[in-house]
Amino acid sequence: MHSRPQPSRRTVIGAAAAASTALALGVPGTASAATANHTRVRALIDRMSIEEKVGQLFVMRVYGHSATAPDPADVAANQAEIGVSNAAELIAKYHVGGIIYFAWAHNTRDPHQIADLSNGIQRASRIPLLISTDQEHGAVARIGSPATLFPGAMALGANGSARDARRAAAVAGAELAAMGITQDYAPVADVNVNPANPVIGVRSFGADPKAVAALVAAQVEGYQRAGVVATAKHFPGHGDTGTDSHFELPVITHSLEEWRRLDAPPFRAAIAAGIDSIMTAHILVPALDDSGDPATLSRPILTGILREELGYDGVVVTDSLGMEGVRQKYGDDRVPVLALKAGADQLLNPPDLETAWQGVMAAVRSGELTEERLDESLTRILTLKARRGLLDDPYVTHRGVDRVVGVRGHLAEADRITERSVTLLANSGALPLPARSRLLVVGADPAAPSGTGGPPTAVLGTTLSGLGHATHVLPTGTAPEQAVIDQAVAAARDKDAVVVATYNVTGASTGQIALVAALVATGVPVVQVAIRNPYDVARLDGPAAALAAYGWTDVSMRAAARVLAGKVRPSGKLPVAVPAADAPSRTLYPVGWGLGY
């Protein structure tokens, strides 16, 4: 199969523009606009080589803060993993259709740098790219302060307001768009019905499919009205698993009826809301496909159910192809081919791009994948780029960043929305804290998303001090040893109350359990704050009060402190049930539980 000559960026975009002006563009979203987009997309595809067509299907990571001049360590990482020095070389060699940003890849230092990186990437490509990231907020956020950070999905579930969820997404989307990020891998549409879920948890809006569906739809509307591609994930539903698809291949044992009742509603709602893209899950669902293939590689799931049963014709993006859940059965050269044959359009972050790219090229040359099949996905991807304005102007400015990113009004909205999520689970009179209390703040300090203001115990302590309390902070970690516990007990003896931040307490969390027990034994009132999953309270005996904050970033810790101090009344309601630790079938706190002052 012979490749066509590769046209220049000016030729490609100029041809598309000429085609589009042959028709009245009309108002975006109208039939005339859709027709114009189809014409310009067809013109682009007709001028693309096979190599470009294959490249457009890939979304790839790249190290560095600059598209052309990354730091030496990032150049070395790129050479080792991709065989190129920078993003511009990656685009020139593989013609990728998208780039994904990660903090660990040093893509997201600050808003101006992100905007410059985005512009550099767009300048390097003949066809504008979709630039994506995982900015779910809460537990998963690639961009930190000074951008506005909202609480994660479960906190928004506890807040319960579709209006607040929509507004959070609109603000977040506007800030991403200002930095040149055009595709966000959010919202999470998984229904978290398994308290032991190690990978979703607080990333889900909750356990009630109807409530999750309403918030997913609201966030889709918010992101996309802000001009950012929303991505509902992880289809067909990752909410009932006890294993992490980053490391294993989870099995979902729901029957077809259970899937339709529990897992499908949020995806149906996303599709009804006009979702631009849907991400696949690397999970086995035997009731939907008994072949032993993960959903990402399953034609019965991606084509039979998602496209035909649910009627979705937008872009389907795989979850990262570097995850073990999709690599166990087939080689890295075959996985992208099988994903395309299943019905996927975008191939996200393969572990070895050369192997994956050549695998798809070989399948095209052999006829296993036809050029028409490539064009089918290209049409979806390029139509999405056209609809989001990328084919007209993919560039952003520092002025636009300064007007939008982390502005005072956005930060105030984040505080207000987060305050409404904090949930009071138990209270024997310890809360609100009396004025000018002497407090000890102890507990876990998990790593926060980059760019946040400090460890959660420090933010709790600083905020409580600013509210008039005399606060001593003693971080004790997620697995405190006896010496640290003894130190906390000694520090608690002259205090009016102890605030202990707990993080995912399980039966194996003996240190956190022992810490709380020892502090309770001092006789000083102990207030427990769950800073991730809300299930911790079931494994702890004796706290005088218990809060669920659903997150540990600054905005969540500030909101929790204001509730502790009585400056804000708790109004959050549990979006998941909390089962008893010794009898999981018995519910301690049901969905909808939440006390007030």
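**Cavities and an open sheet**

The largest cavity has a volume of about 90 Å³. A cavity here is a set of points on a 1 Å grid over the protein atoms alone where a 1.4 Å probe fits but cannot get out, and lining residues have an atom within 4 Å of a point. The model is predicted, local features need pLDDT of at least 70, side-chain atom pairs count only at pLDDT 80 or more, and totals for chains, interfaces and linings use all residues. Residues are numbered from 1 along each chain, and side-chain values use heavy atoms, without hydrogens or water.

Of the 15 residues lining the largest cavity, Glu136, His137, Gly152, Ala153 and Arg203 are the closest to its centre. Strand S4 (135–137), helix H7 (153–159) and helix H9 (209–225) each give two or more residues to this lining; helices (H or I, at least four residues) and strands (E, at least two) are DSSP runs numbered from the N terminus.

The second largest cavity, of about 50 Å³, has Gln135 and His137 among its lining residues. Helix H8 (162–178) gives the most to that lining, with three residues.

Elsewhere, six strands form an open sheet of mixed pairing in the order S11-S16-S15-S14-S12-S13, where pairing requires at least two DSSP bridges between two strands. Because S11 (423–427) and S13 (470–475) stand at the edges with a single partner strand each, one side of each is left without a neighbour in the sheet. Strands S15 (526–530) and S16 (545–548) run parallel and are joined by four bridges, with glutamine 528 opposite alanine 546 in S16.

Definitions and conventions. 1 Å grid on protein atoms, 1.4 Å probe; cavity = no way out; pocket = protein on both sides within 12 Å on 5 of 7 lines; lining within 4 Å. Points joined across faces, edges and corners; volume = space filled by probe spheres on them.
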